[in-house]
Amino acid sequence: MATLIRNATLPDGRTGQDLLCEGGRVAAVGPQLVAPPHAELIDAQGWLLSPPFVDAHFHMDATLSYGLPRVNDSGTLLEGIALWGELKPTLQQDAIVERALQYCDWAVAKGLLAIRSHVDVCDPRLLAVEALLHVKQQVKPYLDLQLVAFPQDGVLRSPGAFEQLKRALALGVDVVGGIPHFERTMADGAESVRLLCELAAERGLRVDMHCDESDDPLSRHIETLAFHTQRLGLQGRVTGSHLTSMHSMDNYYVSKLIPLMAEAQVNAVANPLINITLQGRHDTYPKRRGMTRVPELMAAGITVGFGHDCVMDPWYSLGTGDMLEVAQMGLHVGQMTSQAQMRSCFDAVTVNSARILGLEGYGLEPGCRADFVLLQARSPVEALRLRAARLIVVRGGAVVARSPAASAELHLPGRPPLVDWTLRR
Ligand SMILES: [Zn+2]
């Protein structure tokens with residue numbers, strides 16, 4: 001079955017483009033392509049056609065559990081971890097599956113078709129691991145779910161965690177996780193990084209660690225992560241998530257650190273909604289923002305993705321699966337207001353995150369997977385400004401979700417009806 005999308009604007013600015021999709025892949029891109037017989041036709045009406053959104057950092061085992069068993073009063077990361085610890089023994093597998101599937105529905109409706117989710121392995125039952133492996137299979141036709149074996153309570157600090165982590169990998173979890181700043185000492189944190197990177201190298205897996213998620217300027221596990229990445233030949237396959245301590249670090253030290261990260265090709269993931277909410281909680285005024293140094297990392301050539309991290313869970317009580325909301329927060333917190341920087345915030349929730357996940361066939365070129373989101377905007381920056389409606393979401397050449405265009409019943413004398421908020425010039 002072929003699908004022909006007519007008259008799209010592409011993220012690189014090309015207008016009037018048609019995309020022919022055959023066998024779930026992009027077959028051709030160009031102006032005025034000839035429709036094969038029986039092809040389904042979609043009129044993009046000049047709106048922006050992008051590859052789908054990609055979330056580089058999420059926790060699907062906790063999502064939509066808000067209020068269970070209570071809410072986070074202090075709003076801190078540590079109370080969130082304690083609350084998750086209270087919830088964990090009462091978790092039911094079918095309830096995790098149901099909440100995760102509901103979230104995946106929301107995600108697809110928002111054009112989010114690939115998610116890297118951490119899954120807590122600090123539970124001897126590995127209940128959440130089994131639940132999310134089941135979800136991964138169920139959503140496969142419409143969403144790529146990549147799982148990270150995440151030792152929430154510390155791979156060294158939590159008894160049995162390393163064995164459970166290896167069991168999770170044996171069951172089919174894709175990526176090695178870690179949380180060095182939560183180990184008992186800086187030395188244990190560094191040891192956990194070594195241990196986990198060596199495990200990943202042995203097994204040919206990617207690494208994504210919660211790294212230095214604190215306001216402590218001396219939390220420097222990212223340096224160790226970059227070191228072992230280079231030592232073990234894992235360049236391009238290792239990600240430091242959060243890296244919020246970099247916000248508070250000494251500038252001289254950072255001027256040495258960022259080139260080391262670039263040399264090791266370590267990727268970085270910021271979680272703007274969560275970082276701005278959880279960090280700086282021990283400050284009076286001025287309050288630190290806590291997000292890592294996104295523009296500086298990008299300027300050094302490091303691949304930076306944005307993650308949603310949490311939606312309605314012990315750490316965050318809001319969220320909808322909208323990666324444009326995530327990117328907009330990142331833009332504001334990082335003061336990334338030049339045209340190029342705004343554009344790079346769109347990349348952080350699309351191409352950059354796809355690279356971090358190692359997604360096969362991501363993009364709009366012939367041969368790529370026919371996965372798209374049609375946004376009611378004329379450019380990536382406009383999509384950010386408007387948090388544009390996801391008019392159509394396409395997976396493998398077939399429409400999987402639609403949303404109505406934003407419009408208003410406004411008919412002033414002598415004025416055309418208001419149908420969109422794009423600049424008409
Ligand atoms: Zn996280």
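His-57 and His-210 are both buried. This is the case in a predicted model. The two residues belong to a metal site. Four residues coordinate the zinc ion there: His-57, His-59, His-210 and Asp-309. Each histidine contributes its NE2 atom, and Asp-309 contributes OD. The distances run from 2.1 to 2.6 Å.

Along the chain, the donors follow the spacing H-x1-H-x150-H-x98-D.

The geometry of the zinc site is irregular. The angles among its 4 donor atoms range from 84 to 179°. Ideal angles for four tetrahedral donors are 109.5 degrees.

A further element of the model is an open sheet. The sheet has 4 strands in the order β3-β2-β1-β4. Their pairing is mixed. Strands β3 (25–30) and β4 (40–43) form the edges, and each pairs on one side only. From one strand to the next, the twist averages 20°.

Strand β1 spans residues 2–8. This strand pairs with β4 in the parallel sense, over 4 bridges. Within this part of the sheet, Arg-6 stands opposite Asp-43 of β4.

Key. Residues are numbered from 1 along each chain as its sequence is written. This is a predicted model: local features need pLDDT of at least 70, side-chain atom pairs count only at pLDDT 80 or more; totals for chains, interfaces and linings use all residues. Side-chain values use heavy atoms; hydrogens and water are left out. Two strands pair if DSSP finds at least two bridges between them. Helices (H or I, at least four residues) and strands (E, at least two) are DSSP runs, numbered from the N terminus. Axes are lines fitted to C-alpha atoms, for helices over the stretch in contact, and angles run from 0 to 180 degrees between N-to-C directions. Donors are N, O and S atoms within 2.8 Å of the metal (3.2 Å for Na, K and Ca); water is not among the atoms, so sites may look incomplete. Four donors count as tetrahedral if all angles lie between 85 and 135 degrees; four count as square planar and six as octahedral if opposite donors are over 155 degrees apart and all others between 65 and 115; anything else is irregular. Buried means under 20% relative accessible area, exposed over 50%, partly exposed in between (1.4 Å probe, protein chains only).
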